[in-house]
Amino acid sequence: MKGLISMGFLLYTKDSIHFCISYIDICLFNIDIFLQLFELFLRYPPKIFLHFKKNIFYIDGSACRAIINFINQKDHGLFPSHIIGTHFQSHFKGGLFMERVFNFSAGPSMLPLEVLEQAQKEFVCYGSSGMSVMEMSHRSKVFEGILEKAQADLRDLMHIPDNYKILFLQGGGSTQFAMIPLNLMNKNNKADYVVTGQWAKKAAEEAARYGKVNIVASSADTTFDRIPELDESKFDKHADYFYITLNNTIYGTRWTKLPNVGDVPLVGDMSSSILSEEIDITKFGLLFAGAQKNLGPAGVTVVIIREDLLGNAMDFTPTMLKYDIHAKNNSLYNTPPTYGIYFMGRVFEWVKAQGGVAAMQKRNEEKAALLYDFLDSSALFRGTVQKKDRSLMNVPFVLPTEELNAKFIKEAGEKSFVNLKGHRTVGGMRASIYNAMPKEGVEALVAFMKQFEAENK
Ligand SMILES: Cc1ncc(COP(=O)(O)O)c(C=O)c1O
């Protein structure tokens, strides 16, 4: 008997193995042979385990060899000959499946594997809705449930008091650079900014289009290798707000002590540190973060705003850029980034399952210490940031020459340590070790750096 089938491929999860019939070329095949292949799967119960050191899924070797041998028999007619040895081998790689690299990208960056797998399971049908979250009306009960659960979990995780609104917006961190002055520079038309890197500089430049910007301090003179010392006499008591970037993604610095701003609302960009360490929300009037580092896929921007700051936007502010419009409509004024909100909600649940933000902070401190301790003891590698202000999330470092930097990045890439190239203004390397990076990933990187040092002394 002959049947029609599209090319198959194998999908592995931690506890299951699926043969998916959903791939490229359509071909005729012999149903008996297909059943034989299926029988092979049954005969070799999938002994799959997660190899934590490399985040790679393996299948038991003997089962794998049997399946590869079977597929590579060119005469069984299951797959067209031009496909045998191409697509399948790229999936099989001699027993290695679904290889995930150690991704040190600054953003978008790695996401928790558990959440990716859960999203994969729910991709086509969410719960009993019979549809993907992407296909769902944002006005439906199911989606409202997703949104409200995400808000409640974030409130819980960050201990956000009731007099703060949580908004899920679009436009990334960069749109906040304009929304903040448009909505908050509303009494005296001026604000204080501390310039600790490119993002703070961009925020200050954007704000200067709408009012007077007072640069209280900057660390530009030393390529932003520190949080600058603050002279409180330079603070403007009549500023409409005081702006800081809590973690500086490019330069690898973070505020460990907040400035004393009195009654002036403190505004914080926590795009690259949200949920990585405990923070006292009540010290802030507004906090924001793009999702693409610690929260989920790019596309959602979280804004946490104290209620008394709502409702006084400049007259010409576009409706979509008014916080109060989004607050009144519970982030449903227009179509929000629905899939991003769903995914972020799953990340919040994951953070809760890890023990919450305090547990994440402990883990992040341990991870960062592994790298910093090595950098401090190394005769070859050097961290670029002043110790007191070191970030837990982004760790920039350099080697003595450009040639060595390039060699390191190339050899690291060959060992599956990717996206380690530093920002062009700092050079060298930067390892971004957000919440989703397991400790094992940092340990493996440090082991590789030690080996590199021994070979390049
Ligand atoms: C600290 C910080 N703020 C703002 C931004 C800009 O975010 P977006 O690209 O979402 O506009 C970034 C981007 O990496 C960032 O790291």
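View 1. Asp192 stands opposite Phe242 in β10. In β9, the bridge partner of Asp192 is Asn214. The model shown here and in the other views is predicted. Strand β8, residues 190-195, pairs with β10, residues 242-245, in the parallel sense over two bridges. The pairing of β8 with β9 is likewise parallel and runs over six bridges. Of the six residues in β8, five are buried, and the strand is mostly covered.

**View 2. The open sheet of seven strands.** The strand order is β7-β15-β14-β13-β10-β8-β9, and the pairing is mixed. At the edges lie β7 (164-169) and β9 (212-218), each of which pairs on one side only. On average, neighbouring strands of this sheet are turned by 20° against each other, direction ignored.

**View 3. The largest nonpolar core.** In soluble globular proteins, nonpolar side chains tend to be buried together. The largest nonpolar core of this model has 99 residues. Tyr193, Ala207, Leu286, Val302, Val303 and Met344 have the most contacts inside this core. Helix α9, residues 338-353, gives the most to the core, with eight residues. Leaving out residues up to four places away in sequence, Val302 touches Ile166, Phe168, Ile274, Phe288, Ala289, Ala291 and Leu295.

**View 4. Helix α12 and its buried face.** Helix α12 comprises 17 residues, 439-455. From its first C-alpha to its last, α12 reaches 25 Å, close to the 24 Å expected at 1.5 Å a residue. The buried residues of α12 are Gly441, Val442, Leu445, Met449 and Phe452. Seen down the axis of α12, these buried residues fall within an arc of 95°, so they line one face of the helix. The cover over the buried residues of α12 includes β6 (102-103), α10 (356-377), α11 (402-414), β18 (417-418) and β19 (429-432). On the face of α12 turned away from the buried side are the exposed residues Gln451, Ala454 and Glu455.

View 5. Most residues other than glycine have a negative phi. Thr223 has a positive phi, near 45°, and is found in the loop between β9 and β10. Phe224 has its place in the loop between β9 and β10, and its phi is also positive, near 55°. Which of the two categories, buried or exposed, applies to Phe224? Phe224 is buried, because 26 other C-beta atoms lie within 10 Å and the cut-off for a buried residue is 20 or more. Thr223 counts as partly exposed, because it has 14 C-beta neighbours inside 10 Å, and partly exposed residues are those between the cut-offs of 12 or fewer for exposed and 20 or more for buried.

**View 6. The cis peptide bond between Gly107 and Pro108.** Most peptide bonds are trans. The bond that joins Gly107 and Pro108 is cis, with omega about -10°. Pro108 is found in the loop between β6 and α4 (113-122).

Conventions:
Residues are numbered from 1 along each chain as its sequence is written. This is a predicted model: local features need pLDDT of at least 70, side-chain atom pairs count only at pLDDT 80 or more; totals for chains, interfaces and linings use all residues. Helices (H or I, at least four residues) and strands (E, at least two) are DSSP runs, numbered from the N terminus. The expected span of a helix is 1.5 Å times one less than its number of residues. The arc is that of the directions from the helix axis to the C-beta atoms. Two residues are in contact if their C-beta atoms, placed from the backbone, lie within 7 Å. Two strands pair if DSSP finds at least two bridges between them. Axes are lines fitted to C-alpha atoms, for helices over the stretch in contact, and angles run from 0 to 180 degrees between N-to-C directions. A nonpolar core is a set of buried Ala, Val, Leu, Ile, Met, Phe, Trp, Tyr and Cys residues joined through C-beta atoms within 7 Å.
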